[in-house]
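Biologist: Here is the model I wanted to go through with you. Can we take it piece by piece?

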Amino acid sequence: MKKFLSILLTLAMCAGVFAGCGSDGVIRGVSLGEVIEYASLAERLEAYGLDENRRFIEPRSITVEVFDRENAANGGTDPTNNAYTDWIKEGLLRDHNIIVEFVRVHRWTEADVIVNLLAAGSAPDVCYSYNINAVNTYGRMDAIWDLNPFMHNSEELFPNIWETLGRTNIFQNQDPQTNHLWMLEGMNYGGLRLNTFVREDWLEALGMDAPTSEAEFEAMLIAFRDNAELLLGSDADQMVPFNLAQDVGWQAGLLIESYIPNDITDREWYITDFHDRRMFRTGVKEAIRVLNRWYNDGLIDPDFALYGPGNDTPEDRKKAGFVGAFIHNWDYPYRGGEQGITAELHRNVGEHANFIAVDTFLNDAGLHRKFLPTTTADRKIFLPSTNTEPVASLLYVDWISRPEVILYLQTGEEGLTHEIMDNGAIRIIPAPAHDPMFMNSPRNIDYTIGYNGNGFINIDDQRVKTLSLALGYAEVPPRLIEAAFAAGTNDGRTTKAVNVGIIESEDGLSNTLRDRMEALWATSIVASPEDFDSVYDAAMDNIMINIGNASIAERTEKFAEFYGDVDWLP
């Protein structure tokens with residue numbers, strides 16, 4: 001199957017390259033791996049069929065991926081057809097004479113969808129993914145363009161990419177041996193990841209302080225369980241003290257990371273970093289043992305392993321007021337405006353009902369450690385080799401990287417979706433789900449593909465920027481955002497970016513590892529306490545034999561080759 005897929009992708013690549021020259025002789029692309037030197041910007045513009053304003057003389061058409069988060073099924077707008085997509089289309093046609101069509105790709109299965117589209121030769125011209133291993137696999141199969149020829153000395157041609165992403169993000173993933181550049185790395189503003197949230201009103205009802213350690217957190221969960229009738233009345237049987245879902249590595253992430261030794265080196269972090277759910281790290285097993293105990297003590301929903309991507313049961317229970325605590329994205333309960341968890345919770349329970357972020361899991365150094373990403377860790381933007389308009393596609397990425405474009409897509413129309421306060425802060429007013437100005441993703445990040453976060457890119461004053469962040473969530477008291485920001489950054493450690501090229505032993509295995517990892521954690525958590533070690537160890541041994549050992553060995557060798565005998569990176 002892999003050989004067949006490789007042949008399909010190679011044929012698609014060839015079709016893309018030979019389609020790069022139009023019958024009018026205008027060069028629309030260059031051969032993969034070939035760096036063209038131009039004497040001047042004017043020469044390059046002429047070669048690409050652009051005028052002095054970087055606008056195509058003849059119109060070009062491209063397709064662009066956008067995540068489908070299934071909002072339309074819940075009254076939201078079509079991610080390929082709404083006020084923001086219309087605004088983007090108008091801007092690209094006006095400024096660059098590029099006709100844009102958006103193509104939906106399911107958010108939670110995007111890697112599987114894209115590889116099938118690549119094999120079929122029908123992938124969107126502009127794609128993005130969080131999965132670097134998948135994109136590297138596409139590159140190894142010659143299924144995507146090498147962007148190095150286009151980005152080489154391109155500061156004048158793509159000034160906004162250079163301004164917003166910068167050289168570091170542009171060339172972050174360039175192969176140090178072959179110089180292939182299969183992707184541009186998006187900017188991650190702020191670098192926040194996870195928080196632990198608890199029902200503030202339940203703590204008050206039970207006369208308990210916010211937990212500051214694992215023991216206090218567990219005692220709180222037990223108190224929620226044992227006082228279900230007091231807290232939920234006739235719905236006591238719906239009590240979920242700690243919410244968990246299939247993606248245990250994310251939704252127990254801070255608990256797991258508290259068991260990773262504080263002195264883990266940059267070298268060890270990279271060597272065990274095949275998957276971002278930390279499963280190969282020292283200490284992880286003991287964190288899963290805690291979840292096993294909580295499960296067997298009735299503190300976790302017994303059906304948690306059934307709640308995979310797209311299953312709304314956990315979110316519906318939070319909105320209904322049945323969940324006492326959970327771990328998720330640093331601002332997760334505050335997203336969504338009128339349709340979000342906080343707004344629904346207020347409607348169903350009362351204005352006093354809130355989830356508040358707490359710092360609760362201590363590591364071996366007594367720190368509430370958060371492993372935070374660098375700004376060079378977000379979506380990977382790439383162009384399939386069937387794309388016959390790579391320059392137009394990069395001009396799209398450049399246009400979408402303009403600061404004023406990012407600001408508009410993040411905030412919308414003044415007076416409709418935001419207002420500017422007297423002190424310069426921006427207060428967001430989310431549109432209702434059925435409104436054309438409704439944002440189908442937080443801050444429209446599915447359109448600002450090179451920029452992820454709440455950066456308020458036009459505000460220089462950090463105090464005003466922070467206030468804008470606190471005011472950026474409708475239906476949510478600003479104090480909750482401030483608490484979440486403080487908790488999410490406290491005791492943070494930024495992981496280092498490492499680039500040693502492609503790890504061949506991991507080629508095409510990221511989804512396989514994810515599936516095996518989720519199966520391991522599910523079976524280990526639901527096992528009886530006396531069977532936990534045997535269940536966990538047997539599944540982990542299988543993963544190490546088939547995936548882990550080869551990955552760690554190759555990463556160890558590559559790290560030494562490129563960085564030498566060091567444990568810590570500058």
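Biologist: In S9, what is the bridge partner of arginine 199?
Modeller: Phenylalanine 355 is the bridge partner of arginine 199 there. Strands (E, at least two residues) and helices (H or I, at least four) are DSSP runs, numbered from the N terminus.

Biologist: Before we go on, what are the ground rules?
Modeller: This is a predicted model, so local features need pLDDT of at least 70 and side-chain atom pairs count only at pLDDT 80 or more, while totals for chains, interfaces and linings use all residues. Residues are numbered from 1 along each chain as its sequence is written, and side-chain values use heavy atoms, with hydrogens and water left out.

Biologist: Fine. How many bridges do S6 and S9 pair over, and in which sense?
Modeller: Four bridges, in the antiparallel sense. Two strands count as paired if DSSP finds at least two bridges between them.

Biologist: And how many for S6 and strand S8?
Modeller: Five bridges join S6 to S8 (residues 323-329), again antiparallel. Asparagine 195 of that pairing stands opposite histidine 328 in S8.

Biologist: How many residues of S6 are buried?
Modeller: Six of the six, so S6 is largely enclosed by the rest of the structure. Buried means under 20% relative accessible area, exposed means over 50%, and partly exposed is in between (1.4 Å probe, protein chains only). Leu194, Thr196 and Val198 point one way from S6, and Asn195, Phe197 and Arg199 point the other way.

Biologist: Switching to H21. Which of its residues are buried?
Modeller: Leu480, Ile481, Ala484, Ala487 and Gly488. They cover an arc of only 135 degrees around the axis, which puts them on the same side of H21. The arc is that of the directions from the helix axis to the C-beta atoms.

Biologist: What do the buried residues of H21 pack against?
Modeller: Strand S6 (194-199), strand S9 (355-358), strand S10 (370-372) and helix H20 (462-470). Contact here means heavy atoms within 4.5 Å.

Biologist: Salt bridges next. What does the count come to?
Modeller: The count is 36, taking a salt bridge as a side-chain nitrogen of Lys or Arg within 4 Å of a carboxyl oxygen of Asp or Glu.

Biologist: Where do aspartate 398 and arginine 54 sit?
Modeller: Their side chains meet in a salt bridge, 3.1 Å from N to O. Aspartate 398 is in helix H18 (residues 390-400) and arginine 54 in the loop between helix H2 (41-48) and strand S1 (60-68), so the pair ties together parts that are 344 residues apart in sequence.

Biologist: Buried or exposed?
Modeller: Aspartate 398 and arginine 54 are buried.

Biologist: What about glutamate 185 and lysine 380?
Modeller: Those side chains form a salt bridge at 2.4 Å, N to O. Glutamate 185 is in strand S4 (residues 184-185) and lysine 380 in strand S11 (residues 380-382), 195 residues apart. Glutamate 185 is buried, as is lysine 380.

Biologist: Last topic: which residues touch the most other members of the largest nonpolar core?
Modeller: Phe242, Ile288, Leu291, Trp294 and Trp521, in a core of 70 residues. Helix H15 (residues 284-296) supplies the largest share, seven residues. A nonpolar core is a set of buried Ala, Val, Leu, Ile, Met, Phe, Trp, Tyr and Cys residues joined through side-chain atoms within 4.5 Å.

Biologist: What does the second core include?
Modeller: That separate core has 50 residues, among them Tyr84, Val126, Leu383 and Met437.
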